[in-house]
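Reader: Hi! Could you walk me through the backbone of this one before I set anything up?
Author: Happy to, here it is.
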Amino acid sequence: MFSERVKCIDISGIRKMFEAAGPGAINMGLGQPDFDTPEHIKKAAIDAINEGFTGYTMNLGIPELRQAICNKFDKDNHFEVSPDGVIVTAGASEALHLALQSLLDAGDEVLVPDPGFVSYPVLTGITGGKAVGIPLGEKLTVTPEAVNELVTPKTKAIIVNSPSNPTGAVQSKEEIRGLAEIADDRNITIISDEVYEHFIYKGEHASPAQFSDNVITINAVSKTYAMTGWRIGYAAASKEYIEQMLKVHQYIQACACSISQKAALAAIEGPQDCVGEMRESFRKRRDILMEGLHGMGIKCVTPEGAFYAFPEVSDDDAPGKLLENGVIVAPGTAFGRNGAGHIRLSYATSEDNIRKALGIIEKVLV
Ligand SMILES: Cc1ncc(COP(=O)(O)O)c(C=O)c1O
């Protein structure tokens with residue numbers, strides 16, 4: 001009765017851990033900041049409601065938000081895009097879906113980092129394509145060399161995610177430039193998922209769109225401003241891409257939530273101190289976590305961004321054992337075949353929780 005494409009989707013490995021957790025467990029499985037949305041952003045949403053800004057908006061998103069997004073790309077990411085090259089979506093998730101849906105025909109291949117964000121292979125499959133995992137290099141980044149080996153005439157897109165979920169790795173500018181060159185030489189689109197760009201502790205964020213026009217840049221207010229529940233993301237690309245994505249968006253979503261769009265405008269145009277404060281607390285927590293893990297002899301590449309660490313574990317049942325002892329983590333295999341032998345720890349939780357969890361990890365795994 002049901003479609004083969006949908007029947008074969010497994011319930012997320014992360015969700016299974018949440019469901020099995022007892023009350024009071026320390027949650028290091030979370031994929032969102034543990035902060036509240038800043039007050040000035042909430043106020044913009046309340047004002048929008050009070051002013052009756054509650055109807056459909058333009059399909060692409062309200063013009064002032066799209067202009068603010070263009071200004072943001074110019075200022076933070078050093079590339080130019082016009083407002084008709086921007087579409088506002090229901091989170092980065094919808095933007096990823098639209099990008100893949102507009103690019104893929106049945107059997108087309110998409111190169112995805114392995115390990116990488118859980119949605120990439122699933123959305124590729126739903127939209128008819130085939131995900132091909134890119135093994136990561138020593139620093140857990142996607143290297144141009146690894147991509148070159150995998151490109152075939154069927155390759156339509158490469159997904160890049162820096163900083164990365166689940167590894168916290170940050171792609172170097174040279175790597176990004178190399179990937180952009182492959183995209184140009186082979187006429188492949190890079191889908192660049194930059195939702196963690198503001199959480200970088202070492203080095204600098206580089207956007208492929210600085211180097212190539214064959215790029216759909218995806219971002220969201222979700223992580224940057226602690227707004228995961230508001231469901232606002234966006235994609236930027238040349239107008240030809242956005243026109244195709246808009247066709248799908250207008251029938252499945254019509255527009256992003258009007259109230260949340262006003263909140264996103266306040267977030268992007270307003271004071272940015274809240275972002276710096278979150279980044280500093282994530283950096284402190286990362287340092288506590290890494291000192292603890294390295295101190296007990298657990299191997300883990302120090303994450304340079306996002307709020308995840310991806311340590312090596314030899315016990316296949318590490319997530320199950322940690323769960324029994326009150327710590328929720330995500331199994332590495334949830335992020336792809338090459339995630340085996342790892343767990344993902346999210347440090348979007350209090351310093352106190354991180355210290356307690358480290359004690360349990362030492363007891364259970366070392
Ligand atoms: C790498 C990455 N991309 C996209 C998303 C989805 O973001 P949104 O909540 O804006 O849909 C997530 C959420 O965890 C993520 O980790």
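Author: Below we talk about peptide bonds and phi angles.
Author: This is a predicted model, in which local features need pLDDT of at least 70, side-chain atom pairs count only at pLDDT 80 or more, and totals for chains, interfaces and linings use all residues. Residues are numbered from 1 along each chain as its sequence is written, and side-chain values use heavy atoms, with hydrogens and water left out.
Reader: How about asparagine 165 to proline 166, cis or trans?
Author: Cis, with omega near 25 degrees. Proline 166 is also a residue of the loop between β5 and α8.
Reader: Switching to phi: what is the value at histidine 78?
Author: Near 60 degrees, which is positive in a residue other than glycine. Histidine 78 belongs to the loop between α4 (63–77) and β2 (86–89).
Reader: Is histidine 78 buried or exposed?
Author: Histidine 78 is exposed, at a relative accessible area of 53%. Buried means under 20% relative accessible area, exposed over 50%, and partly exposed in between (1.4 Å probe, protein chains only).
Reader: What about phi of alanine 254?
Author: Alanine 254 is not a glycine, yet its phi is positive, about 65 degrees. Alanine 254 is in the loop between α9 (239–252) and α10 (258–269), and with 22% relative accessibility it counts as partly exposed.

Methods:
Helix = DSSP H or I, 4+ residues; strand = E, 2+ residues; numbered from the N terminus.
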